[in-house]
Amino acid sequence: MPLIAFASPKGGVGKTTLAANTAYEFARLGHRVVALDLDAQNALGMHFGADPYERAGLITSLKDAASPRHAWQTQLQETPSGIALLPHGHATFAQTFAINTDLIATPELLIAPLKDILSDPEVVIIADTPPGPGAAASVISAIVDYMVVVLLSDAASVVQLPKIDGRGMYRGASGAPFPVEHLGFVVNQIEMRSRLSRGAADAAERHLGSRLIGRVYRDEHVPEALARQSSVADYAPASKAAQDISAMALKVVEAVAPPARTNGGDLHGAGASKETATT
Ligand SMILES: Nc1ncnc2c1ncn2[C@@H]1O[C@H](COP(=O)(O)OP(=O)(O)O)[C@@H](O)[C@H]1O
Ligand SMILES: [Mg+2]
């Protein structure tokens with residue numbers, strides 16, 4: 001039942017990539033995974049083999065749903081990867097601003113369906129959020145169990161650290177900073193041959209200590225895996241990136257330690273079946 005969110009102060013850092021590959025890691029370990037795309041870029045599904053031109057999605061249909069609590073059921077897509085996907089949906093800039101306004105005014109539009117999915121104790125939601133401050137990311141922070149913040153290994157990211165390391169930017173329920181055990185940082189795209197890049201990763205590690213849950217090196221297998229709509233672990237299992245990402249994802253698994261699935265199940269019945277399943 002945990003909700004894990006990937007966030008970052010800026011875009012292009014590898015948030016979507018690491019969210020998708022963490023989803024694959026949970027699935028590999030036998031968990032039922034719902035990958036939730038909160039970014040209007042609507043790019044998460046591509047990692048799972050979903051149709052990139054599909055226009056429907058959870059966020060763009062929240063207001064239209066007859067029952068907000070069950071809004072997710074008609075939007076859930078099974079993907080060739082075996083991971084269930086809740087796409088953001090296609091939206092224009094104007095529609096995205098309108099959705100953000102609705103979410104700020106009525107957080108329950110998003111909280112209710114997520115709580116319904118999470119009422120199934122076997123389901124793990126991995127959410128990809130838009131870069132920087134966003135309505136959906138802000139709304140879900142009240143129910144996030146673990147937040148992964150992705151940074152680049154450069155000077156600009158290192159100087160931001162005091163601002164974003166939990167005392168400031170990323171806050172959970174009731175606006176309190178995320179407790180250490182619910183917040184992990186990853187430095188991504190470290191350049192093996194760059195002293196500056198390695199030095200920036202070291203500086204992040206000195207600042208963050210055990211809160212740094214991953215150092216992921218820049219590796220061309222990562223974009224190649226995306227081009228194949230595959231996980232890095234499946235596409236290039238022996239690659240440095242596959243090892244780095246797996247080590248990071250396992251830290252997230254350890255932090256939330258959800259019960260693993262022993263057999264299959266129907267995700268579409270997750271919320272509705274809860275009452276009957278326990279009787
Ligand atoms: N460790 C890495 N090595 C090489 N390329 C990477 C790595 N992580 C991400 N990328 C690439 O960087 C680009 C941005 O990644 P993406 O996950 O879309 O970032 P974000 O979601 O933060 O905008 C993509 O082309 C992705 O394939
Ligand atoms: Mg992204």
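## Helix packing, ligand shell and selected residues

The axes of helix H1 and helix H10 (residues 240–256) come within 9 Å and cross at roughly 70 degrees. H1 is therefore roughly perpendicular to H10, a term that covers angles of 65 to 115 degrees, while angles under 35 degrees count as roughly parallel, those over 145 as roughly antiparallel and the rest as oblique. The axes are lines fitted to C-alpha atoms, for helices over the stretch in contact, and the angles run from 0 to 180 degrees between N-to-C directions. Helices (H or I, at least four residues) and strands (E, at least two) are DSSP runs, numbered from the N terminus.

This is a predicted model, in which local features need pLDDT of at least 70 and side-chain atom pairs count only at pLDDT 80 or more, whereas totals for chains, interfaces and linings use all residues. Residues are numbered from 1 along each chain as its sequence is written, and chains are lettered from A and ligands numbered from 1 in the order in which they are written.

The chain has 11 helices and eight strands. Of its 279 residues, 44% are buried; a residue is buried if 20 or more other C-beta atoms lie within 10 Å of its own, exposed if 12 or fewer, and partly exposed in between, with C-beta atoms placed from the backbone. Two residues are in contact if their C-beta atoms, placed from the backbone, lie within 7 Å. Among contacts between residues at least 6 apart in sequence, 77% join residues at least 24 apart.

The contact of H1 with H10 involves Leu18, Asn21, Thr22, Glu25 and Phe26 on the H1 side, and Ile245, Ser246, Ala249, Leu250, Val252 and Val253 on the H10 side. These residues divide into seven nonpolar, three polar and one charged. Here Ala, Val, Leu, Ile, Met, Phe, Trp, Tyr, Cys and Pro count as nonpolar, Asp, Glu, Lys and Arg as charged, and the others, Gly among them, as polar.

Ala155, Ser157, Val158 and Leu161 of H6 meet Ala200, Ala203, Ala204 and His207 of H7. This contact has six nonpolar, two polar and no charged residues.

The shell holds 17 residues, of which Gly14, Lys15, Thr16, Thr17 and Pro223 come nearest; a residue is near a molecule if its C-beta atom, placed from the backbone, lies within 6 Å of it. By class, the shell has six nonpolar, eight polar and three charged residues.

| Residue | Other C-beta atoms within 10 Å | Class |
|---|---|---|
| Tyr53 | 6 | exposed |
| Gln189 | 21 | buried |
| Gln229 | 18 | partly exposed |

Tyr53 is found in the loop between strand E2 (32–37) and helix H2 (58–61). Tyr53 and His90 are 37 residues apart in sequence and 8.7 Å apart in space, C-alpha to C-alpha. Gln189 lies in strand E7 and has a positive phi of about 60 degrees, although it is not a glycine. Gln229, in the loop between H8 and helix H9 (232–235), has a positive phi of about 55 degrees and is likewise not a glycine.
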